[in-house]
Amino acid sequence: MSKRRLKESCGVSAECISQVQQLLRERFCHHSSAPDKLFGLEQQYRYLLELLKRTTLQGESNSALLIGPRGSGKSTVLNRALKNLKETKQVKETLLEVHLNGKWSSIAQFHVWFQQFRLLQTNDKVALKEITRQLQLENVVGDKVFGSFAENLAFLLEALRKGDRSSSRPVLFVLDEFDLFVHHKNQTLLYNLLDVSQSAQTPVTVLGLTCRQDILELLEKRVKSRFSHRQIYLLNSFDFKQYMKIFKEKLSLPAEFPDESFAQKWNDNVQHLSEDKAVQDVLQNLFHHTKDLRSLHVLLMLAVSTVTVQQPLLTAAQLQEASRHHRNDSRANIVHGLSVLEICLIIAMKHLNEVYDGAPFNFQMVYNEFQKFIQRKAHSMYNFEKPVVMKAFEHLLQLELVKPLERPCARAQREYLLMRLLLDNKQIMDALQLYPNCPTDVKQWAASSLSWL
Amino acid sequence: MPNLEHPAYPAAALLHLESLVPCRESQVSLLLSIFGERQHWSFPSIFIYGHTSSGKTYVMQTLLNTLQLPHVFVNCVEYFTSRLLLEEILIQLQSCSSETELTSHVPCDSFNDFVRLFKQAVVSGGLQDQTLYIVLDRAEQLREMEANILPAFLRLQELTDSNVTVVLLSEIVWELFRPNVGCMDPLTLYFPDYSIGHLQKILSQNHPPEYSADFYAAYINILLGVFYMVCRDLKELRHLAALNFSKYCEPVIRGEANERDTRKLWKNIEPHLKKAMQTVYLREISSSQWERLQHDDGEPGQLKGLSAHTHVELPYYSKFLLIAAYLASYNPVRTDKRFFLKHHGKIRKTNFMKKHEKTSNHLLGPKPFPLDRLLAILYSIVDNRVAPTANIFSQITSLVTLQLLSMVGQNDQLDGPRYKCTVSLDFIRAIAR
């Protein structure tokens, strides 16, 4: 250990590192912890906040869709807006009222209802039960919750209808994974929710979160006509310069960190890192691969988790290591672990693919090709029996490197089932380069397919 | 190799852990750093893939047990429906929070209920301030369940809003798991295969006490020399090593060789091991039979394997029927006249036989044929006169139920059914003899 590092490690206590980890891990992994800053989403955020304010304060009924690819910050924006909303005085007061008279009859509450729909509520019946539960109607409904779907729906609609714009408090419905909701039968729940939001009943705001761009085409006509067509797009529309800024921002320690001198040192280091060429390369790679911030989180999390007392500051090497873990070809990894016999079978399949132009093959053909190789050229191999080769082939099948065209049934013979190889040429050749102790004649065989015919 | 170290866990436990997991130090230290301290948040989901017996389950289990982290370990093959799986997780959760209390069965129909009950269990078990691990072994089974199960497990941390990490173990790469609407991608980790050096180290770790370590290591070396080309599965190799060791020791016991005579020992064992590849490795001969054989000093391979028993005793006409079916399946229709008719006219000297050699049916598999053709071939190959009695037809259907023939396109039972012959050439040869 160098002298400089020794000095550093003396200055940093274990708790300090622990706190850094705690803080950053929570930032990267714990999704509902609201972030301090939104990146490039301010406009959408303001729009959404305005919309929610109009619902809560003025009792407007609205519907909107948040559309954006995975990891683009849909939930983050929404969470942030709700948090902000709850901090405003008026909403807080109504929330207080709830606790005083928990009576439901006029829906005297502003109810934030945030659920991962469809992932959990796989059909309308489950969803409806969940609505009743979340609106805390169970005590009123009693056994009715377990009644039929129609009864339940009628009851809920009745409850929503009883209210009117002036007296009752608005209800916010957040439908996460909105696109999966569309596949429910007749889109009943969607229809009813949107219908309530269109008519002068209890003020209801329906917010859908989805990652599908063609979501409106999936809606039924009657449902579509009741939707307000207000769409908020969240696209990762930032360039690499901003990406670097986000990187810095995400990794920096906040001002309220207890050990100020360490926080200062850490932040300086982050600044230093962001100017490092190696770090920029790593980030550029990731940026070209995907712009979504979730993969940046994963990368940073991997790097941060290797920070120890001995090495309290992040280095470029750690980031590079994390990036190496983050992006390696999984199929090449699997091929690397195969035995020589299995590799030979894969090469035989590759040749079959080349000669017969991607036509499906069966075990018998592969075995034939392999036999040709053994008889003509292989010096390093002795002749394996057919059942041994079959066992190797079935191992490939089990790893799903080879896929049968149709489901194997008991009647068909195993050697005549038609298969397809799920690896492409380049992957095979790259994997062969990395393969440890590959016999030379196997390598040569792989390189030349036509000379074997 | 780096020694394992982590400030949150006692050094003794880590040292113990290191001795338990040979050749997996870097993976374990990576996992340790990802897990962090107990109260730290960790990744919502980690996907670990690697080959059969690359220590995925073992490492995970020893890691969690040694460090006494609260965890739930479920095998998805064992709990094959979502309901069974979710209920099992809840039951294990109860038992890992309170050791003394009796666990009660919680009915849990849907993932919605699961999330609610899960939150309750975490709060009542006092597990809020530490990371809970849910390990799902053989996770490829999750794809067979309802479509929402896998994505929901991947974002369980977000759904339940509690500190939980889901670990998926599988042999199959992540790309084949991803549903088409997408999901929250887990962190994927690879457990690399053991190299030949690693295998040697692991296999020769617990050698039999009556022999020296070098002696056993030499044996493992020979074993790997024979089997490494074909098999890298640690479990299989260990099994083979255990089975054949007594044979290896024989010359030493008999006094023909001492422990230093590597060459003599190798000469003794090598043909034996090659024999084992054809028999025990394929499970033609069961392990107990193999051991008995070695004990009685029998010649290995004299015992009939499983596949030798496929020869079935069939009635006279059934044999001919099967041969006729095989001929019909593997021969093209236009050669029928030449082969089976007595006066077939001129033999045209064309090169059509050559063309057929290229796409031989023995490569492509059997072709279906109609019943009429089967009967025509049958009449021509049986010398005496065969009456088309009910018996003949019932024998055809009984061959189908024996799965020696199979019916193709089950649309019509009586009117012109088509069959395929599904037996191998060796089988037919044995019958024809």
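1. B:Val72 has B:Ile134, in strand E3 of chain B, as its bridge partner. The coordinates discussed here are those of a predicted model. The pair belongs to the contact between E2(B) and E3(B), where E3(B) covers residues 132-137. These two strands run parallel and share five bridges.

2. Where do E2(B) and E3(B) sit in the sheet order? The order is E2-E3-E4-E1-E5 in chain B. That makes an open sheet of five strands, with parallel pairing. Strands E2 (71-75) and E5 (187-191) of chain B are at the edges. Each has a single partner strand, so one side of each lacks a neighbour in the sheet. From one strand to the next, the twist averages 20°.

3. Helix H2 of chain B, residues 25-35, packs on this sheet. H2(B) touches strand E1 (45-50), E3 and E5 of chain B. The direction of H2(B) makes about 160° with that of E5(B). Helix H3 of chain B, residues 56-66, also packs on the sheet. The strands touched by H3(B) are E1, E2, E3, E4 (164-170) and E5 of chain B. Against E2(B), the direction of H3(B) makes about 155°.

4. Chain B has a second open sheet, of three strands in the order E6-E8-E7, with antiparallel pairing. Its edges are strand E6 (369-370) and strand E7 (405-408) of chain B. Each of them has a single partner strand, so one side of each is without a neighbour in the sheet. E7(B) pairs with strand E8 of chain B, residues 418-421, in the antiparallel sense over four bridges. In E8(B), B:Cys421 stands opposite B:Leu405. Helix H13 of chain B, residues 316-330, packs on this sheet and touches E6, E7 and E8 of chain B. The directions of H13(B) and E8(B) make about 95°.

5. Now chain A. It has 23 helices and seven strands. Of its 453 residues, 52% count as buried. Among contacts in chain A with a separation of 6 or more, 75% join residues 24 or more positions apart.

6. One helix pair in chain A deserves a look. Helix H15 (residues 277-289) and helix H16 (residues 293-304) of chain A pack at about 145°, and their axes are 10 Å apart. The crossing of H15(A) past H16(A) is right-handed. A:Val282, A:Leu283 and A:Leu286 of H15(A) meet A:Ser295, A:Leu296 and A:Leu299 of H16(A). By class, the residues in this contact are five nonpolar, one polar and no charged.

7. Confidence comes last. The model scores ipTM 0.88 and pTM 0.86. Chain B has a mean pLDDT of 83, and 89% of its residues reach 70 or more. Where is confidence lowest in chain B? It is lowest in helix H15 of chain B, residues 352-358, at a mean of 48. E4(B) is highest, at 93. Over residues 354-358 of chain B the pLDDT is below 50. That stretch has two contacts in the model beyond near neighbours in sequence. Where pLDDT is low, predicted coordinates should not be read in detail.

Key
Residues numbered from 1 in each chain as written. Chains lettered and ligands numbered in written order. Predicted model: local features only at pLDDT ≥ 70, side-chain atom pairs only at ≥ 80, totals over all residues. Heavy atoms only, no water. Pairing = 2+ DSSP bridges. Axes fitted to C-alpha atoms, helices over the stretch in contact; angles between N-to-C directions. Contact = heavy atoms within 4.5 Å. Left-handed = near helix turned anticlockwise from the far one by under 90°. Nonpolar A, V, L, I, M, F, W, Y, C, P; charged D, E, K, R; others polar. pLDDT = per-residue confidence, 0-100. Buried < 20%, exposed > 50% of the residue type's maximum accessible area, 1.4 Å probe, protein only.
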